2 protein chains.
Amino acid sequence: MRNAYLEDLRNISDRLVDMTRLAGSAMSRASAALLDADIDLADAVIAADHEIDTAREDLDTLAIDLLARQSPVATDLRTVVTAMRMSSDLERMGDLARHVAKVARLRYPESAVPPELRETITHMSQAASRIVAKAGSVIASRDLADAASLERDDDAMDDLHRELFAHLADAQWDYPTQVTVDLTLLGRYYERFADHAVSVARRVTFLVTGDYDTVVDREDEEDSVLTS
Amino acid sequence: MRNAYLEDLRNISDRLVDMTRLAGSAMSRASAALLDADIDLADAVIAADHEIDTAREDLDTLAIDLLARQSPVATDLRTVVTAMRMSSDLERMGDLARHVAKVARLRYPESAVPPELRETITHMSQAASRIVAKAGSVIASRDLADAASLERDDDAMDDLHRELFAHLADAQWDYPTQVTVDLTLLGRYYERFADHAVSVARRVTFLVTGDYDTVVDREDEEDSVLTS
């Protein structure tokens, strides 16, 4: 019984790591579609989102099944409940990648990103890839130092978000309103993607340290980049 | 044992209803702060958000405690897991109200909302109040017709969101970029607030009908207002 349980737990952990790969791949491809105005790639990202949704459903079914069959308590119970929360974060990260792809799709054959913002968006995309890959490692390793380092990656994302808004607020900014709207939303999608990756890392940390109930969304503890 | 369990379940349900009241009050006051450029009210909303966060933590602690003590299976297990998901939706709705309050705060002593958009934002605020109040009723009553009617309320919110974007896209729109950015984000905050209320109603529906695993985010099933 105990062995079956441990195997289930490992299975859940492996699936969470798989979900980080799916979310990372989705955001990285959505960013390429956005920057290159590649509508086929955008469509592929949009079509693939159901894989992350299905991965989440399967994982949650497995978790509920495990709760019903094994009735875990204490740390084991918290591990399973936390896994469901992580799957929710990761599924949402997939949604945010899909949103980026939809902006790419909508502006085709143009790119939604004007030349002076290509570098910032490229850096945001790279920051997103880095942070979701680290979230995957942290799920597998439970390494607290790695988990903590995601906070710094998220600070870097926030800096990029500020940089983006500085461009929009600049007196030189002279694009149609639609471009401003697109960039405002894109900035938020990347920021929220990173926030959810931080949540995943924090959930791992608090599982390891036992201080389970204090995971807060990144957004909860600080002013948003836009409104500070 | 069974009675204690039923009492716990009722307690959880009551707390969820309380959370809908907190989230509804937060969004309604945040909207007033936004439209009236009332910084004291904005600050009060921002300061009160921790109440919703605490309500969520308490509810989740209660739910995990119930899982550990009673080891529910089947419908009972799903009810408890679903309650945790609803508390997550409701806590997020509180965050979105706080975001609205922060925009109000940031633009003080001006209102972030220019005259020609006051009516649209007022209607979005009213739609938000209506939908969160209904979500509370649905949690208490488990009435499937009421739950279904939230979808129509959310359609109304989507229409208002489109109306907002039509204003921004209009050739007459001649406000500084910051105003466009603020309105883009405000539109998204109201839309997401309604989406989470719909999720709550759908979770209730699927608990009652037993088709538990198919709750999808409103955003998952349709193009976003902005990118369609």
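In the predicted model, A:V81 is buried, with a relative accessible area of 2%. This value falls under the 20% limit for a buried residue. A:V81 belongs to helix 3 of chain A, which covers residues 74-107. A:V179 lies 98 residues away from A:V81 in sequence. In space, the two C-alpha atoms are 41 Å apart.

Over all chains, the count of salt bridges comes to 36. One of them joins A:R130 and A:D153, with an N to O distance of 3.7 Å. This pair links distant parts of the chain. A:R130 is in helix 4 of chain A (residues 118-141), whereas A:D153 is in helix 5 of chain A (residues 144-169). The two residues are 23 residues apart. Their surroundings can be told from the accessible areas. A:R130 has a relative accessible area of 41% and is therefore partly exposed. A:D153 has a relative accessible area of 10%, so this residue is buried.

Chain B holds a salt bridge within one helix. B:R21 pairs with B:D18, and the closest N and O atoms are 3.1 Å apart. Both residues sit in helix 1 of chain B (residues 2-36). B:R21 and B:D18 are three residues apart, so about one helical turn separates them. B:R21 counts as exposed because its relative accessibility is 55%, a value over the 50% limit. B:D18 is partly exposed, at a relative accessible area of 38%.

Another salt bridge in chain B connects two helices. B:R203 forms this bridge with B:D89, and the closest N and O atoms are 2.9 Å apart. B:R203 lies in helix 6 of chain B (residues 177-209) and B:D89 in helix 3 of chain B (residues 74-107), so the pair ties together parts that are 114 residues apart in sequence. Both partners, B:R203 and B:D89, are buried.

Salt bridges in chain A also join into a network. Four residues are linked in this way: A:D49, A:R92, A:D95 and A:R98.

Definitions and conventions:
Residues numbered from 1 in each chain as written. Chains lettered and ligands numbered in written order. Predicted model: local features only at pLDDT ≥ 70, side-chain atom pairs only at ≥ 80, totals over all residues. Heavy atoms only, no water. Helix = DSSP H or I, 4+ residues; strand = E, 2+ residues; numbered from the N terminus. Buried < 20%, exposed > 50% of the residue type's maximum accessible area, 1.4 Å probe, protein only. Salt bridge = Lys/Arg side-chain N within 4 Å of Asp/Glu carboxyl O.
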